[in-house]
Amino acid sequence: MPYFDHSDNDVKEMLKYLGKNKVEELFFSIPQELVIKTPPIITGPLSEQELLSSIEDTLEDATTYKEIFRGAGAYRHFIPAAVDEISSRQEYYTAYTPYQPEVSQGSLQTMFEYQTMMSELTGLPVANASMYDGASATAEAALMAWHFNRRNKVIISGGVHPEYLTVLNTYLKNTGIKIEMLPLKEGTVDLQKLSAIDMSDVSSVIIQNPNFLGFLEKMKDIKKQSGNAVLIYVTNETHSLAVLQTPAEAGASICCGDAQSFGQPLAFGGPYLGFITCSEEFLHLLPGRIIGATYDHHGKRAFVMALAAREQHIRRERATSNICSNHAMSAVRAAVYLSLLGTDGLKSAALLSVKRAHELKEALSTLKNVEFIEKDKPFFNEFSAKLKINDRVFSESLQKHSILGPLELSRFNSSFKNYYLFTATEMNGRAGTELLVEAVKEASL
Amino acid sequence: MNPNVNEKLIFEMSKKGRSGSFIPECTDTSCIPSEYLRDKPPKLPSVPENEVVRHFVRLSMLNHGVDKGTYPLGSCTMKYNPKVNEKAARFKAFSNLHPYQDEDSVQGILKILYELGEDLQAISGMDGITLQPAAGAHGELTGILMCRAFHTSNGNPRVKILVPDSSHGTNPATAAMCGYKVQTLKSNNSGTIDIDTLNKNMDEDVAALMITNPNTLGIFENEISDISEIVHRKGGLLYYDGANMNAIMGYMRPGDTGFDMVHFNLHKTFSTPHGTGGPGAGPVAVKKHIIPFLPYPTVNSTGDRYFFDYSNRQTSIGKMRAFYGNFLVLLRAYLYIRANGYSGLKRTSELAVLNANYLKKKISHNFTAPSSRDTFHEFVLSAQNIKKETGVNTLDISKRILDFGIHAPTIYFPLIVKEALMVEPTETETKENLDFYAEIMEKIIAEARSNPEELHKAPHKTPVSRPDEVRANRRPILKALSLPEKED
């Protein structure tokens with residue numbers, strides 16, 4: 001046991017105090033036949049030195065890339081050094097859920113500030129203190145809408161991240177809610193088809209913007225065709241909130257998604273930062289922790305977990321969600337990230353990502369073996385194209401230049417063979433773009 | 001820091017034109033048609049880097065964490081978070097990996113995930129595992145969805161889930177999310193499952209019984225073999241809530257005692273930081289007959305190559321989240337297990353149980369105990385006697401504890417114990433720390449008798465005292481008011 005042990009003498013004294021001779025006696029209420037006879041084999045114990053050297057060996061089998069042109073719900077952005085510095089503070093990361101507000105004002109105020117920032121970005125008045133990730137937050141948002149209007153149908157755009165759709169299916173499977181997919185037309189929501197749907201039994205309409213293929217959706221038009229179903233706006237690249245019409249302006253009453261782009265590293269997919277914001281009528285259906293401001297008994301401003309009566313530890317089976325632990329530390333990182341960048345910094349990051357993606361598309365458009373999907377539709381920092389390339393040649397030349405290339409969409413749907421999703425952020429320089437374009441050219445069939 | 005002055009909100013420190021330089025400036029919106037753009041920019045703070053850092057450093061200092069002092073929050077296992085794990089989790093080689101990289105480029109990462117899965121199965125005595133769930137409650141949801149899929153595949157999803165009245169709130173909330181009715185079982189006088197009650201409620205409508213063992217009172221359900229027999233005889237499944245796994249490592253494996261599914265709270269037993277509320281990780285290990293229903297993909301190995309296994313896609317419950325799991329949390333748990341080895345994990349549980357029993361004996365004479373049974377890694381006491389005698393209640397006691405630079409126990413849980421104090425010191429506290437905790441408790445009980453008024457007003461030395469929660473609920477203020485206007 002490397003991190004702590006009692007001295008032999010302490011153990012002896014403590015046992016004596018308890019009237020026991022051996023530690024094993026403390027476990028006597030486990031029936032003898034259930035006690036482990038043969039210990040299972042697991043590696044260890046290892047000293048800290050051995051541990052680190054083993055992990056360094058393992059890391060030789062993991063490739064990190066200089067240039068990443070892959071996103072699809074996980075984006076590499078610049079993270080200011082101060083974000084890591086603050087989130088390394090034990091005062092934050094070794095604390096738990098602020099059950100005792102008197103010794104948790106740091107966490108509570110930070111969450112309150114985070115909620116304010118998410119509310120500002122989405123235009124919706126209420127934000128919670130985080131969810132697990134974008135996919136599970138989307139499923140929870142659909143459940144909020146269902147608890148709100150008790151209608152048994154969800155319309156989801158075919159432009160929502162395929163993994164989000166899978167998770168939605170998993171969450172809703174046993175609720176009796178029917179999920180109806182609205183296929184895209186020419187890369188975006190098919191407004192005509194949407195308008196043909198009878199909305200009277202539709203609980204929510206779930207749209208991702210920018211959508212999974214990178215295109216911008218006409219959110220106000222979608223709202224018009226959604227009747228009085230709840231419009232759920234799912235963000236994709238969350239930086240877009242700094243620039244695009246807000247979910248509130250678009251008429252959404254719930255916004256959710258993954259705020260990974262706000263200061264969370266890629267980290268092979270987690271932990272990220274699920275979030276939900278909503279209009280006030282959904283406040284009591286919002287899952288998870290919500291931090292509120294109040295006063296203490298000396299009249300001093302203070303923060304507490306508010307409206308806990310919504311939650312599982314009080315409401316048990318009548319709670320609208322079972323969430324307990326959330327992703328608070330990711331929210332701390334987001335709060336620091338957004339405070340450092342400010343409005344202008346965040347806009348710069350977002351617009352640079354947009355610019356880099358458009359430059360990349362422009363450069364690719366000179367090639368004969370690239371065929372864009374809907375080449376004239378507005379997009380954010382992702383776009384998709386069909387490439388006529390030799391896969392092996394392509395991947396070898398990317399590898400040579402330490403580039404993680406665009407994502408093959410056949411991963412999600414075999415009918416998308418040879419289609420790729422390109423992503424750029426402010427991290428992609430001109431040189432990397434040129435190398436990628438060169439690689440596409442070289443691999444031409 | 002002057003304790004009488006609030007730390008300003010970051011928005012209150014904001015002034016136009018103050019900002020850092022992190023990213024090259026770009027204001028070019030020409031790529032996006034104007035109808036798609038927002039009307040007004042968001043009002044984020046405009047504060048220079050040094051002031052941002054000072055703000056969050058000052059805020060952080062208002063917190064109590066494990067690295068500052070004892071944190072015996074029952075059911076939460078607030079143990080020390082080893083620093084080597086923090087160091088490794090910050091390696092660039094981990095943080096820069098994209099989840100959609102090709103498997104060949106992340107063999108080392110898949111190896112870590114695979115081996116962690118193998119270790120957790122060995123520790124719990126199970127046959128298969130998913131690492132996807134992001135937290136304990138997320139693991140429960142995964143488990144009960146699998147339970148439902150299992151029964152459905154046998155022709156009938158069944159209608160009810162049984163939970164003891166001492167269970168965590170997440171158990172019944174999870175069951176409800178999966179479309180089940182919840183039947184609560186009243187515990188017997190010693191705080192454990194009453195076999196007669198179970199027998200009466202267990203029928204072929206019951207999909208599963210969810211329990212923790214030891215239970216939330218810290219008591220081992222020693223009739224577990226009978227419980228398992230009763231549940232399985234009617235075709236039900238037995239679910240193990242792993243919140244209390246820190247009590248039994250090296251002594252008992254849920255898989256050997258009839259459990260079909262187990263979730264782990266890696267942020268409890270396996271030392272990953274609690275992070276002011278998360279992220280944690282809640283892997284779920286299962287017996288063979290549940291493997292077809294595991295979320296896809298799982299991580300598998302051919303012996304010399306590691307890969308994501310989608311082979312159960314047709315029968316799987318689907319996915320619980322995007323990508324594969326909270327990798328940086330899983331990594332820390334992996335390192336913790338290897339640093340300890342099996343012998344270290346066994347020692348962990350031994351000292352956790354020793355510490356809890358020692359502290360219990362030191363302080364219990366002041367309180368009433370809801371059960372006379374032996375306890376494991378945590379214990380529950382009731383302050384009902386103190387309340388009756390002095391008017392000082394559990395809340396008062398817990399608030400006063402904060403004045404001594406240590407954290408209060410979990411209070412008013414489990415719900416079956418009035419004026420409950422639920423104490424879990426964990427193994428990473430010295431005898432001196434436990435003695436100090438006991439001393440403080442004596443002092444507070446003496447104060448309750450001599451000066452109860454002071455306790456009603458406690459705490460006295462914390463940055464704030466007794467925030468008005470009723471007001472926060474009646475008039476919710478959930479974001480900063482009157483944000484400074486940003487001038488264009």
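**The contact and its surroundings**

A: Chain B has a mean pLDDT of 95, and 97% of its residues reach 70 or more; pLDDT is the predictor's confidence in each residue, from 0 to 100. This is a predicted model, where local features need pLDDT of at least 70, side-chain atom pairs count only at pLDDT 80 or more, and totals for chains, interfaces and linings use all residues. Residues are numbered from 1 along each chain as its sequence is written, while chains are lettered from A and ligands numbered from 1 in the order in which they are written. For the complex, the predictor gives an ipTM of 0.98 and a pTM of 0.97.

Now to the contact. Chain B puts in 167 residues and chain A puts in 158 residues, where two residues are in contact if their C-beta atoms, placed from the backbone, lie within 7 Å. Among the elements of chain B that give two or more residues to its side are helix H1 (49-60), helix H4 (107-124), helix H5 (136-153) and helix H9 (327-363). Helices here (H or I, at least four residues) and strands (E, at least two) are DSSP runs, numbered from the N terminus. H9(B) gives the largest share of that side, 21 residues. Sorted by class, the chain B side has 86 nonpolar, 49 polar and 32 charged residues. In that count, Ala, Val, Leu, Ile, Met, Phe, Trp, Tyr, Cys and Pro are nonpolar, Asp, Glu, Lys and Arg are charged, and the others, Gly among them, are polar.

A residue is buried if 20 or more other C-beta atoms lie within 10 Å of its own, exposed if 12 or fewer, and partly exposed in between, with C-beta atoms placed from the backbone.

Let's zoom in on Met261(B). Leaving aside neighbours within four places in sequence, its contacts include Met146(B), Cys147(B), Tyr239(B), Val284(B) and Ile290(B).

Stepping back, chain B is divided into domain 1 (10-60), domain 2 (84-339) and domain 3 (348-473), with bounds from an automatic or database domain assignment. The C-alpha centres of domain 2 and domain 3 of chain B lie 30 Å apart. Where these two touch, domain 2 gives 18 residues and domain 3 gives 17 residues.

What about the partner? Chain A has 14 helices and 17 strands, and 61% of its 445 residues count as buried. Its C-alpha trace spans about 85 × 55 × 50 Å along its principal axes. Chain A is divided into domain 1 (67-76 + 342-442) and domain 2 (81-338), and 23 residues of domain 1 of chain A are in contact with 23 residues of domain 2 of chain A.

One last stop in chain A is Ala259(A), in the loop between strand E9 (254-258) and strand E10 (274-278). Ala259(A) counts as buried because it has 32 C-beta neighbours inside 10 Å.
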